[in-house]
Structure formats: structure tokens, C-alpha cells
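Welcome! Take a look at the sequence and the model, then read on.

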Amino acid sequence: MSLTSAATLATLDRTGPRRITDLAAVEGVTQPAMTALVRVMEESGLVERRGDASDKRVTLVCLTEAGASYVRTRRQAGVHAFERLIGKLTGDEVEALVAALPALKHLAELESQDREGPKQ
């Protein structure tokens with residue numbers, strides 16, 4: 001799976017259903033590229049398109065249960081990889097990581113805000 005596909009699934013998991021144009025903007029790709037990506041993920045059973053109850057002209061891309069499961073599995077694999085690597089650090093290195101956690105959390109929040117753009 002491409003990084004853009006994985007990032008798109010993670011965005012849908014975090015933010016809920018989105019328009020293709022919104023997803024394209026968040027992921028930094030063109031609308032036609034996102035349309036093609038969504039089509040592939042739809043064929044794979046990871047996402048589905050649904051109508052927007054508030055605007056019948058709009059179609060939203062939604063995670064399926066298989067898509068949500070994929071995101072959870074990838075996140076858990078990342079957690080296990082970090083656990084394994086952190087287990088190889090010295091006590092001082094672990095303490096340094098713990099001390100850096102507030103700054104890292106803030107960086108993640110800033111990145112998320114940049115990726116998601118203005119709230120609608």
C-alpha cells in the first residue's frame with residue numbers, strides 16, 4: 001500500500017467521512033489522483049462512498065470496517081516496533097525520550113492541524 005493510501009485511511013479514521021476534494025487537499029495530491037486512489041481502495045474494500053445527508057449532491061468517502069481494521073493493525077505494528085527499539089535503549093536515553101514527549105506531542109498536533117486544514 002502506498003504512503004498516500006495509508007495516510008488517507010488514517011485521515012478518514014481520525015476525521016470521519018470526507019469529500020474527495022477535501023482528502024486531496026489534506027494529502028497534498030490532485031483531485032483526479034485522489035479519485036483514482038479512492039477507486040482502488042474502494043475495490044479493495046477499505047473505503048466506500050456514501051451520500052451526505054446534509055447535502056444530497058455530495059458524496060463522502062468513508063472507512064469500511066476492513067479499512068478501520070487495517071489502520072488499527074498498522075498502528076499496533078508501529079507501537080510494537082517502537083517498544084522493541086526502546087527496549088534496546090539505555091536508561092538515560094529512555095529518560096531523554098520521556099522528557100521530549102511534550103514537545104513531540106505538540107509537533108504531532110501541529111502536523112495534524114496542517115494536514116487537516118481549516119475546520120469546516
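## How two helices meet

In this predicted model, helix α2 (residues 20-27) and helix α3 (residues 31-43) have axes that come within 9 Å and cross at roughly 110°. An angle of 65 to 115 degrees counts as roughly perpendicular, so that is how α2 and α3 lie to each other.

Which residues make the contact? From α2 come Ile20, Thr21, Leu23, Ala24 and Glu27, while α3 brings Gln31, Met34, Thr35 and Val38. Sorted by class, the contact of α2 with α3 has 5 nonpolar, 3 polar and 1 charged residues.

## A helix tucked inside

Helix α2 is largely enclosed by the rest of the structure, because 6 of its 8 residues are buried. These are Ile20, Asp22, Leu23, Ala24, Val26 and Glu27. Just after α2, Gly28 takes a positive phi of about 70°.

Leu23 belongs to helix α2, and its relative accessibility is 0%, so it counts as buried. Leaving aside residues up to four places away in sequence, Leu23 touches Thr8, Thr11, Leu12, Arg18, Met34 and Val61. Leu23 and Val38 are 15 residues apart along the chain, and their C-alpha atoms are separated by 9.6 Å.

## The nonpolar core

The largest nonpolar core has 15 residues, and those that touch the most other members are Leu9, Met34, Val47 and Val61. Two or more residues each are given to this core by α1 (3-15), α2, α3, β2 (55-63) and α4 (65-86). The largest share comes from α3, with 4 residues.

What does Leu9 touch, not counting residues up to four places away in sequence? The list is Met1, Met41, Leu46, Val47, Leu63, Tyr70 and Val71.

## The chain as a whole

Stepping back, the chain has 5 helices and 2 strands, which follow the pattern α-α-α-β-β-α-α along the sequence. Its C-alpha trace spans about 55 × 30 × 25 Å along the principal axes. The radius of gyration is 17 Å, whereas a compact globule of 120 residues would have one near 14 Å.

Across the 120 residues of the chain, 29% count as buried. Among contacts with a separation of 6 or more, 46% are between residues 24 or more positions apart.

Technical notes: Residues are numbered from 1 along each chain as its sequence is written. This is a predicted model: local features need pLDDT of at least 70, side-chain atom pairs count only at pLDDT 80 or more; totals for chains, interfaces and linings use all residues. Side-chain values use heavy atoms; hydrogens and water are left out. Axes are lines fitted to C-alpha atoms, for helices over the stretch in contact, and angles run from 0 to 180 degrees between N-to-C directions. Angles under 35 degrees count as roughly parallel, over 145 as roughly antiparallel, 65 to 115 as roughly perpendicular and the rest as oblique. Contact means heavy atoms within 4.5 Å. Ala, Val, Leu, Ile, Met, Phe, Trp, Tyr, Cys and Pro count as nonpolar, Asp, Glu, Lys and Arg as charged, and the others, Gly among them, as polar. Buried means under 20% relative accessible area, exposed over 50%, partly exposed in between (1.4 Å probe, protein chains only). A nonpolar core is a set of buried Ala, Val, Leu, Ile, Met, Phe, Trp, Tyr and Cys residues joined through side-chain atoms within 4.5 Å. The radius of gyration is taken over C-alpha atoms; the globule rule is 2.2 Å times the number of residues to the power 0.38.
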